[in-house]
Amino acid sequence: MAQISIPGGQGSTQPVTFTITGSAAVNYATDFNEAVKNASTITRISSDRDESTVVGALNLIESSSTTLYGLSTGHQYTYAAVTSPTKLTGSSAGGDTVLAGGGVTYDAGGAGNRVVFTSGNNVFNGDSVGGDVITGGAGNDSINTGTGSNTIFAGSGNSHITMSDTSGGDLAVLIAGNSTVSAQGINDVVYASTAEGSSTGTIFGGSGLLNFVAGASSTALPVTIVGGSGTTDIFANSGSDITLENSAGKAFIIAGEGNETLNGAAATAGFAFFGDTVAADASSITQTILGGQGPDFFSTGGGNETITAGSGEALFHVNDLGAGTTITIADLSSKDYFSFGGLPVATEEALFAHDSSVSDGNLKLTLPDGTKVEFLNVTSFTGHLI
């Protein structure tokens with residue numbers, strides 16, 4: 001057993017005393033002293049070898065050549081940017097904390113790691129265990145989650161994120177910058193946050209479920225979503241400017257409150273759109289929805305919605321949300337089907353006969369509750385009532 005005294009930090013003369021047993025007492029005390037005292041000589045790793053540092057301390061990794069370091073459990077590491085790349089192999093037990101300043105490739109070896117990229121171009125490679133939290137920086141970071149489930153916070157640079165989870169699902173939060181996300185897992189969630197700036201990006205779906213959730217914004221935030229063979233669920237919000245391109249799997253778009261643009265013109269597999277049906281929001285909402293080339297379904301919401309049917313067959317369910325709601329429909333054709341407020345077909349026919357009019361070259365219809373429907377550039381209804 002040995003008793004170790006460590007000089008106090010910040011110039012204090014009062015030492016910190018503790019006891020430690022075992023043959024490593026002297027070496028441990030020496031390393032710990034260097035790591036925690038108020039000096040520039042924190043523990044430095046600068047040779048091509050597996051490191052042996054202080055548990056719980058902050059250890060500086062420096063390198064002037066390509067190096068490979070094996071990390072031990074529970075340590076904290078900060079990497080000073082150098083001219084040549086450095087590779088870190090995570091500990092098999094996990095628990096690493098890595099602050100990377102550029103040129104770092106980190107290969108996870110266990111669960112519960114915390115990796116922060118501050119600047120420069122860095123790479124994170126996950127494993128089958130997961131449980132990691134990765135934060136991108138200002139550089140062009142490449143983040144590959146592996147088959148485990150992880151959480152990623154994209155940085156202000158151009159992040160490239162690949163989610164390949166086989167259970168549980170990954171979560172990617174786009175905080176700022178322009179991100180490219182490849183959601184190849186079984187149950188992935190991408191959240192576009194606007195808390196710290198504008199987040200834009202392109203998101204590619206795979207064979208699993210992809211959920212995209214947009215944060216509210218006062219300015220338009222463009223995001224392109226390329227659906228895969230799996231299902232794509234899109235939850236829009238105020239300020240959303242979403243382009244959907246899908247050629248295989250099912251896609252569902254759920255509008256939020258506020259002004260939005262939802263462009264599915266390039267979608268060939270068809271999608272289903274559900275508008276915001278909160279009647280109280282009617283006077284403050286302006287939404288633009290573009291249908292695609294496949295069979296699309298539109299369930300209208302409140303406010304001012306302009307829907308372009310697209311070149312594919314379209315099925316419209318026009319909800320009766322009362323005065324203040326105006327649904328404008330463009331590109332009406334004989335291949336489109338309509339249900340108005342769930343009314344019987346005979347009642348719908350009577351509405352067109354008695355409660356419709358033509359002005360400025362547009363056919364206009366008023367539902368019994370005050371909802372207005374306007375068909376652009378047509379003087380007679382050519383769709384099918386159901």
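User: Which residues lie nearest the centre of the largest cavity?

Analyst: Good place to start! Keep in mind that this is a predicted model. A search of the whole structure finds one cavity of 30 Å³ or more, and 13 residues line the largest cavity. Those that lie nearest its centre are Ala-192, Ala-214, Gly-215, Leu-221 and Ser-240.

User: Which element gives the most to the lining of the largest cavity?

Analyst: About 70 Å³ of space lies in this largest cavity. The one that gives the most, with three residues, is β23.

User: How many residues of the lining of the largest cavity are charged?

Analyst: Let's sort the lining by residue type. Six of the residues are nonpolar and six are polar. That leaves the charged group, and the number in it is one.

User: Is Gly-215 buried or exposed?

Analyst: Gly-215 is among the residues nearest the centre of the largest cavity, and it sits in the loop between β20 and β21. Its relative accessible area is 8%. A residue counts as buried when that value is under 20%, so with 8% Gly-215 is buried.

User: Where does Asn-113 lie, and what is its relative accessible area?

Analyst: Now for another loop. Asn-113 is found between β9 (104-107) and β10 (114-117). Setting aside neighbours within four places in sequence, its contacts include Gly-94, Asp-96, Tyr-106 and Asp-132. Asn-113 is buried, and its relative accessible area is 0%.

User: Which residue has its backbone oxygen 2.7 Å from a polar atom of the side chain of Asn-113?

Analyst: Here we look at the side chain of Asn-113, a buried residue. One of its polar atoms lies 2.7 Å from a backbone oxygen, and that oxygen belongs to Gly-110.

User: How many strands does the chain have?

Analyst: Let's finish with the whole chain. Of its 386 residues, 46% are buried, and its accessible surface comes to about 16000 Å². The chain has two helices, and its strands number 36.

How values were computed: Residues numbered from 1 in each chain as written. Predicted model: local features only at pLDDT ≥ 70, side-chain atom pairs only at ≥ 80, totals over all residues. Heavy atoms only, no water. Helix = DSSP H or I, 4+ residues; strand = E, 2+ residues; numbered from the N terminus. Buried < 20%, exposed > 50% of the residue type's maximum accessible area, 1.4 Å probe, protein only. Areas by Shrake-Rupley, 256 points an atom, 1.4 Å probe, with all protein chains shown as cover. Polar contact = N/O pair within 3.5 Å; in protein donor to acceptor, adjacent residues only side chain to side chain. Contact = heavy atoms within 4.5 Å. 1 Å grid on protein atoms, 1.4 Å probe; cavity = no way out; pocket = protein on both sides within 12 Å on 5 of 7 lines; lining within 4 Å. Points joined across faces, edges and corners; volume = space filled by probe spheres on them. Nonpolar A, V, L, I, M, F, W, Y, C, P; charged D, E, K, R; others polar.
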